[in-house]
Each structure stands twice: as structure tokens, then as C-alpha cells.
Amino acid sequence: MYRVMLRMRVRPGGTGVFEEVIAEVAAAVAARPGNLGQRVFRADAGGADGPATYYVFSDWVDEEAFREHERSAEHRERIARLGAVREESAMTTMTPVAQWGAPAL
């Protein structure tokens with residue numbers, strides 16, 4: 001398994017647009033071969049008028065499946081729509097080392 005975590009800071013007033021677009025992106029990603037699932041979390045309670053930080057966790061069968069998706073023109077077009085509301089973003093990739101308890105995203 002290969003996990004990707006995206007941290008995205010959304011501009012004040014942009015949370016509605018962000019959540020709409022990220023739902024479309026997530027649906028398209030879920031249809032990709034090799035995607036095992038995703039979850040989106042909102043960390044801040046900034047409200048519609050304040051900034052918010054979102055974390056997107058996406059699991060893949062392996063790194064190559066993720067990189068193939070990441071390079072696709074379709075994905076780049078969808079992600080570009082987030083540019084108007086995103087202040088900053090960072091990506092972290094991970095491979096599992098150990099697990100206790102039930103698997104979770």
C-alpha cells in the first residue's frame with residue numbers, strides 16, 4: 001500500500017467551492033485503477049468566511065498507480081480548478097511500517 005496525504009489551506013470564503021470541487025476530484029480518483037479509497041478532513045472551524053485547512057488521505061495499491069494518476073491530464077485539469085481558492089498546499093507520501101488494530105484510511 002502507498003498513502004498520499006495532501007494538506008491544503010483554503011482562502012477565506014472559499015470553503016464551499018473547495019468542497020464542491022474536491023468532491024468531484026475524489027469521485028474521479030475513486031474510479032482510477034489502483035485507488036483503494038480516500039477521505040477528506042477539515043481541520044479548522046474557520047467557517048465559510050475564514051481560512052480552513054483540509055487534509056486529503058488517498059490510498060493506492062502502489063506508488064506507480066498513484067504516479068500514473070498524478071501525471072494524467074484529466075487529474076491536472078481537475079486540480080487546476082482548486083487554484084482559485086487554495087492558498088497553499090503540501091503533499092506527503094508514505095509507505096506502511098506497521099499496523100495495530102483494524103485497517104483504516
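Arg32 is partly exposed, with a relative accessible area of 22%; on this scale, buried means under 20%, exposed over 50% and partly exposed in between, using a 1.4 Å probe and protein chains only. The model is a predicted one, in which local features need pLDDT of at least 70, side-chain atom pairs count only at pLDDT 80 or more, and totals for chains, interfaces and linings use all residues. Residues are numbered from 1 along each chain as its sequence is written, and side-chain values use heavy atoms, with hydrogens and water left out.

Arg32 has a charged partner in Glu68, with the closest N and O atoms of this salt bridge 4.0 Å apart. The two residues link distant parts of the chain, Glu68 sitting in helix α2 and Arg32 in the loop between α1 and β2 (35–42), 36 residues apart. Here a salt bridge is a side-chain nitrogen of Lys or Arg within 4 Å of a carboxyl oxygen of Asp or Glu, while helices (H or I, at least four residues) and strands (E, at least two) are DSSP runs numbered from the N terminus. Glu68 is partly exposed as well, at 47%.

Helix α2 also holds His69, which counts as buried at 5% relative accessibility. Beyond its neighbours within four places in sequence, His69 is in contact (heavy atoms within 4.5 Å) with Val29, Arg32, Trp60 and His75.

Salt bridges turn up elsewhere too, and the structure holds 9 of them. Glu87 and Arg9 pair at 3.7 Å, N to O; Glu87 lies in strand β4 (residues 86–94) and Arg9 in strand β1, so this bridge ties together parts that are 78 residues apart in sequence. Another pair is Glu24 and Arg81, at 2.5 Å, N to O. With Glu24 in helix α1 and Arg81 in the loop between α3 (73–80) and β4, parts 57 residues apart in sequence are tied together. Both ends are partly exposed, Glu24 at 35% and Arg81 at 41%.

Leaving out residues up to four places away in sequence, Ile22 touches Met8, Val40, Val56 and Leu82.
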